[in-house]
Amino acid sequence: MTAPHESTPGRPKLTHPPRGAAATPPGGPVYVPVGAECEIFRAAAAKGHAVMLKGPTGCGKTRFVEAMAHRLGRPLITVACHEDLTAGDLVGRYLLQGGDTVWTDGPLTRAVRTGAICYLDEVVEARADTVVVLHPLIDHRRELHVDRLGETLKAPPGFTLVVSYNPGYQSVLKDLKESTRQRMVSIAFDFLPPEVEARVLMQETGLAEATARQLVKLAQAIRRAGIPGLPEVASTRALVAAGDLHQAGLPLHTAAVAAIVEPLTDDAVQVDGLRELVDAHLPPA
Ligand SMILES: Nc1ncnc2c1ncn2[C@@H]1O[C@H](COP(=O)(O)OP(=O)(O)OP(=O)(O)O)[C@@H](O)[C@H]1O
Ligand SMILES: [Mg+2]
């Protein structure tokens with residue numbers, strides 16, 4: 001029997017306002033804070049610390065980084081990590097251009113040169129030897145060695161490295177090395193509290209409050225159910241998709257099956273279990 005997806009402690013709360021909290025520029029991606037994550041990020045970025053965001057899929061990690069980049073007025077360079085990602089992909093390489101070999105900076109080097117926020121999404125997917133190039137950059141040295149150029153770049157104050165990963169989903173075989181994770185400040189993301197999740201749904205999709213609450217209740221039931229073998233549970237992203245489908249004219253039940261139930265699994269028994277929860281929480285289509 002799989003353990004239910006219980007709530008983890010999640011984001012820490014702020015007990016008093018931070019010193020020197022800066023004004024937020026208008027516009028930009030909408031991010032609804034849950035705890036002190038924005039203040040922690042600001043403080044880490046101001047002091048040159050790398051930040052690790054961990055939490056289940058679709059719970060707001062990418063949206064958070066996008067919003068913080070906007071609030072801090074920094075460019076954002078995102079790299080989707082995968083097992084074939086090499087140090088050269090991150091740092092740069094010589095490329096043939098019209099008969100000449102020309103050096104081309106990789107995204108990490110570009111971020112260091114321009115003082116950007118560099119976001120390595122799903123960092124545990126990258127090979128260990130790729131991740132090691134980050135070490136001198138994310139400890140007190142703040143240096144990037146570009147071996148092929150024989151250059152060492154000092155990161156300017158604006159540069160911040162951010163990595164994300166999903167501890168539940170990634171296999172136990174894959175994990176960040178202790179020496180890497182201990183160089184970073186960490187923010188734990190979790191499923192949003194129901195009030196916040198309903199607000200996010202309303203903002204993102206324009207759903208009426210009562211409908212947003214129905215979807216949130218369904219998501220909570222799925223998260224609590226502990227359906228055996230289900231690798232993930234309903235994410236805020238899936239709820240937003242269900243809300244979008246409903247706003248486009250589909251009955252809520254149909255929208256929830258298409259956007260929440262079916263993406264979670266191909267297993268008929270699990271689909272049945274999930275559909276029962278949809279039947280119990282939403283009016284039949
Ligand atoms: N706190 C929040 N404020 C506003 N929107 C949110 C928030 N949390 C989640 N969302 C919504 O959920 C969607 C999915 O979030 P996001 O893409 O940031 O997830 P993620 O944690 O990066 O997932 P993955 O691990 O799969 O990359 C966003 O596009 C947004 O609509
Ligand atoms: Mg993401």
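Trainee: Is the crossing of helix 9 and helix 12 left-handed or right-handed?

Mentor: The crossing of helix 9 and helix 12 is right-handed; a crossing is called left-handed if the near helix is turned anticlockwise from the far one by less than a right angle, and right-handed if clockwise. Please keep in mind that this is a predicted model, in which local features need pLDDT of at least 70 and side-chain atom pairs count only at pLDDT 80 or more, while totals for chains, interfaces and linings use all residues. Residues are numbered from 1 along each chain as its sequence is written, and chains are lettered from A and ligands numbered from 1 in the order in which they are written.

Trainee: What makes up the contact of helix 9 with helix 12?

Mentor: Helix 9 gives Gln214, Lys217, Leu218, Ala221, Ile222 and Ala225, and helix 12 gives Gly273, Leu274, Leu277, Val278 and His281, where contact requires that the C-beta atoms of two residues, placed from the backbone, lie within 7 Å. By class there are 7 nonpolar, 3 polar and 1 charged residues in this contact; Ala, Val, Leu, Ile, Met, Phe, Trp, Tyr, Cys and Pro count as nonpolar, Asp, Glu, Lys and Arg as charged, and the others, Gly among them, as polar.

Trainee: At what angle do helix 9 and helix 12 pack?

Mentor: Helix 9 (residues 209-225) and helix 12 (residues 268-281) pack at about 145°, with their axes 10 Å apart. The axes are lines fitted to C-alpha atoms, for helices over the stretch in contact, and angles run from 0 to 180 degrees between N-to-C directions.

Trainee: Why is Glu122 called buried?

Mentor: A residue is buried if 20 or more other C-beta atoms, placed from the backbone, lie within 10 Å of its own, exposed if 12 or fewer, and partly exposed in between. Glu122 has 20 such atoms within 10 Å, so Glu122 is buried. Glu122 lies in the loop between strand 5 (117-121) and helix 5 (128-131), and has a positive phi of about 55° although it is not a glycine. Most residues other than glycine have a negative phi.

Trainee: What makes Arg142 partly exposed?

Mentor: Arg142 has 19 other C-beta atoms within 10 Å, and is therefore partly exposed. Arg142, in the loop between helix 6 (135-138) and strand 6 (143-146), also has a positive phi, of about 50°.

Trainee: How do you know whether Leu144 and Glu195 are buried or exposed?

Mentor: Leu144, in strand 6, has 22 other C-beta atoms within 10 Å and is therefore buried; among the residues that Leu144 touches are Leu108, Val112 and Leu153. Glu195, in helix 8, has 11 other C-beta atoms within 10 Å and is therefore exposed.

Trainee: Why does ligand 1 lie between domain 1 and domain 2?

Mentor: Domain 1 (37-188) and domain 2 (194-281) both give residues to the shell around ligand 1, so ligand 1 lies between them; the domain bounds come from an automatic or database domain assignment. Of the 17 residues around ligand 1, Thr57, Gly60, Lys61, Thr62 and Arg63 come nearest, a residue being near if its C-beta atom, placed from the backbone, lies within 6 Å of the molecule. Helix 2 (61-72), helix 8 (194-205) and helix 10 (236-247) each give two or more residues to the shell; helices (H or I, at least four residues) and strands (E, at least two) are DSSP runs, numbered from the N terminus.

Conventions
Lists of a residue's contacts leave out its neighbours within four places in sequence.
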